[in-house]
Amino acid sequence: MPDAIELLKTRRSMKPREMTGPGPSPAELETILTIGARVPDHGKLAPWRFIVFEGDARVRGGEVIAGVFARKNPQATAAEIEVEKKRLTDAPLVIGIVSFTRPHPKVPAWEQELSAGASAMNIVTAATALGYGACWLTGWFAFDRDVLDGFGLKPDEKLVGLIHIGNVTKAGEDRPRPALSDIVTRF
């Protein structure tokens with residue numbers, strides 16, 4: 001396991017199309033999800049939950065996406081529909097992070113949504129620490145109510161993103177990061 005600081009300094013997103021199996025073992029998946037649930041959560045509201053897509057569930061999820069796409073884009077070609085159908089099949093594991101808010105006198109909805117975002121980042125970091133590639137993605141379908149309904153989200157739930165996890169087939173290149181002098185001010 002890499003040093004925690006070095007891991008955080010070098011972590012990067014890996015493209016799902018550059019991932020392969022096997023994915024995390026059941027024990028590793030439990031570790032990843034446990035770490036995903038260990039985030040700042042003012043009021044102990046747990047304003048997030050996880051959807052695990054592995055095996056055939058990735059194909060079924062892609063069929064939901066493709067079906068909605070085809071219905072809303074009647075001019076779409078078979079090739080375009082096939083692209084949508086394969087949205088969740090590159091990596092051996094995809095975890096959807098679902099966010100929902102509850103009325104609370106001390107915890108505004110924004111804080112609850114940030115907690116869900118922290119959960120997604122913890123999942124990415126945990127998968128990376130276990131030696132897997134990980135990528136947090138959205139896409140049009142992450143904001144489409146018909147797709148969300150097809151994934152089993154309730155009307156008041158949102159999809160924070162889909163985290164693709166798998167073994168990396170090639171080393172990725174890092175992207176430029178902002179200079180601290182451009183993003184840090186002192187009060």
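Tutor: Gladly, and let's begin with a contact between Glu113 and Lys158, which form a salt bridge with their closest N and O atoms 3.3 Å apart. A salt bridge here is a side-chain nitrogen of Lys or Arg within 4 Å of a carboxyl oxygen of Asp or Glu. This is a predicted model, where local features need pLDDT of at least 70 and side-chain atom pairs count only at pLDDT 80 or more, while totals for chains, interfaces and linings use all residues. Residues are numbered from 1 along each chain as its sequence is written, and side-chain values use heavy atoms, with hydrogens and water left out.

Student: How many residues apart are Glu113 and Lys158?

Tutor: Elements are DSSP runs numbered from the N terminus: helices (H or I, at least four residues) and strands (E, at least two). Glu113 sits in helix α5 (residues 109-129) and Lys158 in strand β5. The pair therefore links distant parts of the chain, with a separation of 45 residues.

Student: Is Glu157 buried or exposed?

Tutor: Buried means under 20% relative accessible area, exposed over 50%, and partly exposed in between (1.4 Å probe, protein chains only). Glu157 has a relative accessibility of 3%, whereas its salt-bridge partner Arg49 is partly exposed at 27%. So Glu157 counts as buried.

Student: Which residue forms a salt bridge with Glu18?

Tutor: Glu18 lies in the loop between α1 (4-10) and β1 (19-20), and its partner is in the loop between β5 (158-168) and α7 (180-183), 152 residues apart. With the closest N and O atoms 3.5 Å apart, the partner is Lys170.

Student: How many charged residues are in the lining of the second largest pocket?

Tutor: A pocket is an open set of points on a 1 Å grid over the protein atoms alone, where a 1.4 Å probe fits, with protein on both sides within 12 Å along at least five of seven lines; lining residues have an atom within 4 Å of a point. Glu18 and Lys170 are among the lining residues of the second largest pocket. Ala, Val, Leu, Ile, Met, Phe, Trp, Tyr, Cys and Pro count as nonpolar, Asp, Glu, Lys and Arg as charged, and the others, Gly among them, as polar. The lining divides into two nonpolar, two polar and, as you asked, charged residues numbering eight.
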